[in-house]
Amino acid sequence: MSAQVRLQTQPKPRPGESALYRGTLDCFKKTLAKEGVLGLYKGMAAPIIGVTPMFAVCFFGFGLGKKLQQKTPDDVLTYPQLFAAGMLSGVFTTAIMAPGERIKCLLQIQAASGQVKYAGPMDCVKQLYRENGVRGIYKGTALTLMRDVPASGMYFMTYEWLKYTLTPEGKSPTELSVPSVLFAGGMAGIFNWAVAIPPDVLKSRFQTAPEGKYPNGFRDVLRELIREEGIGSLYKGFTAVMLRAFPANAACFLGFELAMKFLNWMAPNL
């Protein structure tokens, strides 16, 4: 939902003024009152279009990262090795995530400000390309990498650790119950975003800023945030993110595990 980006990018109030949004619930209420239910999903078309290939690439990257570290298919990887494999998946997904996040953030910010510049995702892409070429569409890629590489490492390492921890003695992790898979996936999402939120705040600020505002990239964004709003500003949108993280990732891993079981049933010898 758009509450996360709106909270992360709202300007610091001037002396005597109150913040535009006092928190997640206030942001939710104001967005709902001003823009209706659809306002909560502004800018989501681009991420939704990219979510299926993004997760396919994500799990492919993790699988490749594991294979690159295994001498035989039966080798059991250590948790640092699983973290490294997860980090590789974050590199793979950035090519899809960066432009989608850029478009999403711009559409959500314009909805909050009331100044409509882009008619929709495709119009946003056209204008960005016309103004700054491919570079304009991929603005914030470095920060997306800074967010997704360590966060993806934590994501997959946490999931694999919880799968192993929750597996009853004498059983295989592939036989884990649905509730256990949901819990492991949900907690993996929580741990992922605990790592990802600070760079995500910097990314949202940078991607929605006017051209030339931050000539030195994320360093300028970081300095401005710390100077004006303190270290706590790096965790803006924390509640909104965490409310979504558990159910979304629980469903994601359950879907992955069911898909793998189905594929193994269809082609057991592959």
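Biologist: Which backbone oxygen does the side chain of R102 reach?
Modeller: The side chain of R102 reaches the backbone oxygen of G136 at 2.7 Å. This is a predicted model, in which local features need pLDDT of at least 70 and side-chain atom pairs count only at pLDDT 80 or more, while totals for chains, interfaces and linings use all residues. Residues are numbered from 1 along each chain as its sequence is written, and side-chain values use heavy atoms, with hydrogens and water left out.

Biologist: Is R102 buried or exposed?
Modeller: R102 counts as buried, because its relative accessibility is 3% (buried means under 20% relative accessible area, exposed over 50%, partly exposed in between, with a 1.4 Å probe and protein chains only).

Biologist: And what does R102 touch?
Modeller: Leaving aside residues up to four places away in sequence, R102 touches L128, G136, I137, K139, Q207 and E211, where contact means heavy atoms within 4.5 Å.

Biologist: Switching to rings, how many aromatic pairs are there?
Modeller: The count comes to 13 aromatic pairs, with rings of Phe, Tyr and Trp (its six-membered ring) pairing if their centres lie within 6.5 Å, and planes under 30 degrees apart counting as stacked, over 60 as edge-to-face and the rest as tilted. Among them is the stacked pair of F62 and F156, at 4.1 Å centre to centre with 10 degrees between the planes.

Biologist: How many residues apart are F62 and F156?
Modeller: F62 and F156 are 94 residues apart, and the pair links distant parts of the chain. F62 counts as buried at 5% relative accessibility, and F156 counts as buried at 1%.

Note on methods: A polar contact is a pair of N or O atoms within 3.5 Å; within protein, one must be able to donate a hydrogen and the other to accept it, and residues adjacent in sequence count only if both atoms are side-chain atoms. Helices (H or I, at least four residues) and strands (E, at least two) are DSSP runs, numbered from the N terminus.
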